[in-house]
Amino acid sequence: MKLTEVDATNLSSKTGQGEDGPEGGANPPQSATLGAAGWLRWVWRQLTSMRVAILLLLLLAVAALPGSLFPQRPQDPARVDDYVSAYPGLTPWLERLGFFDVYGSPWFAAVYLLLFTSLIGCIVPRVRAHWRALRAQPPRVPRSFQRFPVREDRTVSEPRPAVEGAVMAALKGRYRAAVTPEGITAERGYLRESGNVVFHLSLIGVLLSLAAGQLYSYRGQFIVVEGESFANSVLDYDTFEPGTFFDPDSLEPFTFTLEDFESEFTVDALARDFAATVRVREPDGSTRREVIKVNDPMDAGGANLYLMGNGFAPRITVRDGAGQVAFSGPVPFLPEDSVYTSRGVVKVPDVSVGEQLGLTGAFLPTAVMAPDGSGVYSGHPQPNAPLMALTLWAGDLGLDSGVPQNVYVLDTDGMRQVYEEAEDGSAGSVEGGQQPVTLFLSPGESVELPEGLGTVTFDSLPRFVGLDLRYDPSLPYLLVSAVAAMLGLFASLFVPRRRLWVKLVDSPGGGTVVSGAALARGDDPGLAKDLARVLRSAGSTAEPPADPRRGPTTEAHDGDEATTGPTTTAPADTGPATKGH
């Protein structure tokens, strides 16, 4: 028998399978009938599905990994420069891929925005559905309780209205309950879904806070030497990272002077405390003294000023061959280890006679001679025996090329290392009895440079501090969103979702037959106990009616044991009877 077109259509409608697959849309329609709007709807459904949201969340975590594997230029540009110098063949590709600024790269922003869109598309329908569920009546009472694994029946002596009131009182405060013609229906655990909704809304809040932070925040780092001042302007920062909507006029015009820096170390060179004392001058001319410590920032016009690092900045004076002062000032030497073995560079471009000079070397706060006499090292971070060792370079510093230079790195491409005659003509010599010039200076000492290049004087030893000023108006919102996400997650994991039904039927022998069943979403060890608690509140268990199949019951007298059914007297002995005398 052939199937007509009408029959085929009816069969398709009955089975729920049309051209689009089961349910009329589980699979995307054919491209010939889909159209642009249809494709957009299909893409939107895929993007807003929970499966895609989880995949995007995992992809975001994977995309963030390069940020922890490679140094990031916004956080530590010096380390990025070192990495570029160490891997010159690899770094061009890393630059193209944005691995030195992962969180500001376009591909990371694309994953971020897709996840943001997917979360919004997922959570908005769930909020509407949850709101409808909160206002709806609990589910109707099932016809039969036999299919429920948690159920219980009992008969109580109280009448049905009293039992109904007792059960409703037991459910009050724990369940949302209602009395229906079929029985009592109750449900609890709406907080579980509410926590799920709050968790996802909080994730959106976290993403919005991070986005607002990128737009309106700013961050700047700078170094200040004891006795010197700093003005809160973009030009005075060593590095400055503005947000997209940053306005330079929004900086609070305050200044401060670093009066003193104190550090405490144990005998084993373990750090105990750091404190920078500054005097702040407000725009109105008033001054105040503040102490900045680690994890104890100073309030600076709505921003926070953090103490990030410290070290020594030897004050050096260099005179050229004509005796003119070519350089004078403190030079920060950056610490490299826990005993503050520090590296630094002195660039002397303003010489009146001869070549430009460059000095590079190390500073040792507590110089100690090695036991084998091979050299010196720092034995403690405090300046107990300070010593500065420098090597000398002469030539063109390359400052006029227009290419920015790292102030802590000496470009020696256009320079030559200065040599001098070895004392013994051989030890430590290179060619022709020559050895590199090495200058050893302690505070207050001065040495003369060879070839008539001038003199170097180690004037004093002030300290420097590295400060980090951060302004991010999104931090309070980020904190609230993160805490709300945690609370919502806890609620969605630990709040039980339960449904409970109770049927009340008048017993033929008097009293009420109470039947109850309960259902939970997932494993719930306390479900049976909760059902038993509700049913116990219905009243005391009624005595079962007399069984007509059992014999008459003799009335028990005081001190006698009641017996059921006809009683017989058993002989004292089960053996053969003997006639007594």
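**Exercise 1.** Find out how strands S26 and S27 are joined.

*Solution.* Start with the pairing: S26 (residues 446-449) and S27 (residues 454-460) run antiparallel, joined by four bridges; strands are DSSP runs of E with at least two residues, numbered from the N terminus, and two of them pair if DSSP finds at least two bridges between them. Next, pick out a bridge: Glu 448 has Thr 455 in S27 as its partner. Finally, look at the turn: the two strands form a hairpin with four residues between them, and Glu 451 there has a positive phi of about 60°.

A quick note before going on: this is a predicted model, where local features need pLDDT of at least 70 and side-chain atom pairs count only at pLDDT 80 or more, while totals for chains, interfaces and linings use all residues. Residues are numbered from 1 along each chain as its sequence is written, and side-chain values use heavy atoms, leaving out hydrogens and water.

**Exercise 2.** Is Thr 48 buried or exposed, and what does Thr 48 touch?

*Solution.* Then check accessibility: Thr 48 is at 14% relative accessibility, so Thr 48 counts as buried (under 20% relative accessible area, with a 1.4 Å probe and protein chains only). Last, leaving aside residues up to four places away in sequence, Thr 48 touches Ser 118, Gly 121 and Cys 122 (contact means heavy atoms within 4.5 Å).

Conventions: Buried < 20%, exposed > 50% of the residue type's maximum accessible area, 1.4 Å probe, protein only.
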